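The following exercises concern a single protein chain.

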Amino acid sequence: MTNKVEILMHPVRVKISRALMRNKENGLSPREMLEIIKDVPQATLYRHIQVLLDAGIIRVVKEKKVRSVSEKYYILNEEKVLLSSADWNKASLDEKINYYSYYQLSLLNQYKNYLTHLDNDDSADGSTFSMVELKLDDERFKDFQTELNDLMVKYYNDTSKNTEKNAPIRTIGITIIPDS
């Protein structure tokens with residue numbers, strides 16, 4: 001399997017990637033992943049870990065001896081998770097639609113899970129979504145994308161410096177659709 005889009009868009013591998021993103025400092029062992037990703041059988045998880053490892057999307061960060069077995073801990077190769085323009089351009093129309101569908105489905109599942117666990121009397125519901133159309137020429141649009149990316153990277157990198165271990169995780173999903 002050499003197509004990066006195909007590798008990344010599989011639902012189980014999306015779950016593995018998300019779990020590893022949330023534990024990027026120390027990584028996770030497969031046993032710890034199973035505690036987080038409860039709806040995936042152990043054999044299936046190991047198979048998809050191997051696919052991600054073979055593709056270079058994850059790597060072993062450390063090994064611990066547990067009894068007579070060496071337990072591996074994995075982290076994401078974050079630069080490998082991102083799709084380059086070249087990767088995206090190589091993808092077929094169906095692959096792009098599938099990839100985007102998994103992205104939207106992942107957001108929908110997270111939002112559904114959030115709402116399910118939200119106290120109905122909770123006035124501090126911090127979720128939001130919005131849609132806005134911006135009229136920007138190409139240069140200003142590139143500036144907007146750069147500034148937005150810089151802001152996301154700044155706060156993403158700050159999460160590893162956050163000393164409050166119990167700080168809630170907040171998912172930010174952004175879709176930019178050029179005018180057709």
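**Exercise 1. Locating a residue**

In which helix is the place of Leu115? Determine also whether Leu115 is buried, partly exposed or exposed.

Solution. The model is a predicted one. Step one: Leu115 belongs to helix α7, which covers residues 93–116. Step two: the relative accessible area of Leu115 is 38%. Because buried means under 20% and exposed means over 50%, with partly exposed in between, Leu115 is partly exposed. Step three: Asp125 stands ten residues from Leu115 along the chain, and the C-alpha atoms of the two are separated by 9.1 Å.

**Exercise 2. Describing the whole chain**

State how many helices and strands the protein chain has, and give the order of its elements.

Solution. Step one: the secondary structure consists of eight helices and two strands. Step two: read from the N terminus, the order is α-α-α-α-β-β-α-α-α-α. Step three: the C-alpha trace spans about 60 × 45 × 30 Å along its principal axes. Step four: the chain has 180 residues, of which 22% count as buried.

**Exercise 3. The largest nonpolar core**

Identify the residues with the most contacts inside the largest nonpolar core, and find which element supplies the largest share of this core.

Solution. Step one: the largest nonpolar core has 18 residues. Step two: Ile16, Leu20, Met33, Leu45, Ile49, Ile57 and Ile58 have the most contacts inside this core. Step three: at least two residues of the core come from each of α1 (4–8), α2 (11–21), α4 (42–54) and β2 (69–76). Step four: α2 gives the largest share, namely four residues. As background, nonpolar side chains tend to be buried together in soluble globular proteins.

**Exercise 4. A network of salt bridges**

Which residues are linked in a network of salt bridges?

Solution. Step one: Glu35 and Arg31 form a salt bridge whose closest N and O atoms are 3.4 Å apart. These residues are four apart in helix α3, so about one helical turn separates them. Step two: Arg31 also forms a salt bridge with Glu71, where the closest N and O atoms are 3.3 Å apart. Because Glu71 lies in strand β2 and Arg31 in helix α3, this pair ties together parts 40 residues apart in sequence. Step three: the network therefore consists of Arg31, Glu35 and Glu71. Step four: Glu71 counts as buried at 14% relative accessibility, whereas Glu35 at 47% and Arg31 at 42% count as partly exposed.

**Exercise 5. A charged surface patch**

Solution. Step three: Asp143 has a relative accessibility of 39% and counts as partly exposed.

Methods: Residues are numbered from 1 along each chain as its sequence is written. This is a predicted model: local features need pLDDT of at least 70, side-chain atom pairs count only at pLDDT 80 or more; totals for chains, interfaces and linings use all residues. Side-chain values use heavy atoms; hydrogens and water are left out. Buried means under 20% relative accessible area, exposed over 50%, partly exposed in between (1.4 Å probe, protein chains only). A nonpolar core is a set of buried Ala, Val, Leu, Ile, Met, Phe, Trp, Tyr and Cys residues joined through side-chain atoms within 4.5 Å. A salt bridge is a side-chain nitrogen of Lys or Arg within 4 Å of a carboxyl oxygen of Asp or Glu.
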